[in-house]
Amino acid sequence: MDWTSSTERATRRPPIPVKIVIAGGFGVGKTTAVGAISEIDVLTTEAAMTEVAAEIDRTGHTPDKTLTTVALDFGRITIDAEIKLYLFGTPGQDRFGFMWHDLTEGALGALVIVDTRRLDDCYPAVDYFEKIGLPFVVAVNMFDGKLDHELNDVRWALAVGEKTPLITVDARSRRSVRDALVAVLHQALTKAGAR
Amino acid sequence: MVDPARVPPYLLTGGRARPVDENLAIEAQVFTTLAGRADIPILQFEVRDIVAACDDEPLAVVEVASKLGLHLGVARVLVGDLVASGHLMVQRPPIDPSRRVEIIERVIRGLDQLD
C-alpha cells in the first residue's frame, strides 16, 4: 500500500489497533499458535528495559543480574480496511508479571493455552486475568491429537468457573487457532453486554 | 554500524526509563507527520530510523521495536519523544466502551473469513 502520498493520507482512515493476549507456560505452543494465524512472520522484541533501567537509576551502576530480558512474540492479522489485530504471546509465569499490565491494558481478551502435563504453569495467568476482569478462554493444546485428561478434570484442577469456556486447540492449525480466538471474542462480547 | 543489542538501553534514552507518555499502548499505531518526513535528513541514529520506518506505513510501537532491534521500553520512550516533538502521530486503541462491541463483532467477522 502506498502510504506516502499526503492527499491519500488525508482521506485514509486511521488504523484501529486491537489485541488479544495468548498466555501459557514455556513450550505450550503460544508461538506456534501465533505463527499459525499471523499474516506476518512471528516477530520478537525484548521487553524488560523498564526494570533494568530502574535498577540503574537507583544504584548508579549496572548490576549484571538485572540485565535479563524476556522475549515477547507477536503477530498481526489485518481484519478489514481499518482494524489490525495484534496477537501477543507471553509467558504465563509470575516472574514475567511486570509485563502483564502493558499486555492486557485495552486487550479484547486472552487465550490461555494449557499443557495438561504442566497445569501449574498457567495458574498465575488465570489468576491475573480473573483479578483484572479480562475475558479469557482456557484452551488445552492437543499434542499429537489426543488429550491426556478429561476437560472436566482440567477445569477442576484449574478451578476456573463454569462461565469460563474450556476448549481444545491444535496450536499448529490455522483453523483451530482461529476458532479459539473467536471463542475469546464471544466471551468478550458476553462480558461487554453484561456491563 | 553498532549492533543496537549491545548498546545499553539507557544510553539511547538519555537515562530515562519511563516514556513521556505513560499511556502509550504497545499496539498504538505510529506514523510520520509531514514535518517528520521533512526532518529525516537531519535526524540521527535510532530517531531517524524510527521516523523513516513509520513513513512507509503505520507501525505499532511494538513493531517499531522489533523492526529496529530496540528494547520495547526504549522504543516507547523514543516514540513518545517523537510524538511530543511533532515528528510522529499516534493512533491509540479505542477506549470508548460503546465502540467496543462493534469492533469485537467486526473482528469476529474478519476471522470467520479466514480459511
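Two strands pair if DSSP finds at least two bridges between them. Helices (H or I, at least four residues) and strands (E, at least two) are themselves DSSP runs, numbered from the N terminus. With that settled, on to the model.

Residues are numbered from 1 along each chain as its sequence is written, while chains are lettered from A and ligands numbered from 1 in the order in which they are written.

Chain A comes first. There are 7 helices and 7 strands in chain A, and the order along the sequence is α-β-α-β-α-β-β-α-β-α-β-α-β-α.

The 7 strands make an open sheet of mixed pairing, in the order 2-3-4-1-5-6-7. Strand 2 (43-46) and strand 7 (166-169) of chain A are at the edges with a single partner strand each, so one side of each has no neighbour in the sheet. From one strand to the next the twist averages 30°. As a reminder, strands of a sheet pair through backbone hydrogen bonds, either parallel or antiparallel.

One of the residues involved is Leu43(A), whose bridge partner in strand 3 of chain A is Phe74(A). Packed on this sheet is helix 4 (residues 61-68) of chain B, which touches strand 2 and strand 3 of chain A and makes about 90° with the direction of strand 2 of chain A. Contact here means C-beta atoms, placed from the backbone, within 7 Å; axes are lines fitted to C-alpha atoms, for helices over the stretch in contact, and angles run from 0 to 180 degrees between N-to-C directions. Helix 6 (residues 97-112) of chain B also lies across strands of chain A, namely strand 1 (16-24) and strand 4 (83-91), at about 85° to strand 4 of chain A.

Now one residue, Leu181(A), in helix 7 (residues 174-194) of chain A. Is Leu181(A) buried or exposed? Leu181(A) is buried, because 27 other C-beta atoms lie within 10 Å. The cut-offs are 20 or more other C-beta atoms within 10 Å for buried, 12 or fewer for exposed, and partly exposed in between. Leaving out residues up to four places away in sequence, Leu181(A) touches Ile20(A), Leu111(A) and Leu111(B). Ile20(A) is 161 residues away along the chain, yet the two C-alpha atoms are separated by 8.1 Å. For chain A as a whole, 43% of the 195 residues count as buried.

Chain B has 6 helices and 3 strands. Its 3 strands form an open antiparallel sheet in the order 2-1-3, with strand 2 (59-60) and strand 3 (88-91) of chain B as the edge strands. Strand 1 (residues 29-32) of chain B is joined to strand 3 of chain B by 4 bridges, and Thr32(B) has Leu88(B) as its bridge partner there. Helix 3 (residues 45-56) of chain B lies across strand 1, strand 2 and strand 3 of chain B, at about 100° to strand 1 of chain B.

Last, confidence. pLDDT is the predictor's confidence in each residue, from 0 to 100. Chain A averages 81, and 76% of the residues score at least 70. Over residues 49-67 of chain A the pLDDT is below 50, although this stretch has 24 contacts in the model beyond near neighbours in sequence. Where pLDDT is low, the predicted coordinates should not be read in detail.

Note on methods:
This is a predicted model: local features need pLDDT of at least 70, side-chain atom pairs count only at pLDDT 80 or more; totals for chains, interfaces and linings use all residues. Two residues are in contact if their C-beta atoms, placed from the backbone, lie within 7 Å.
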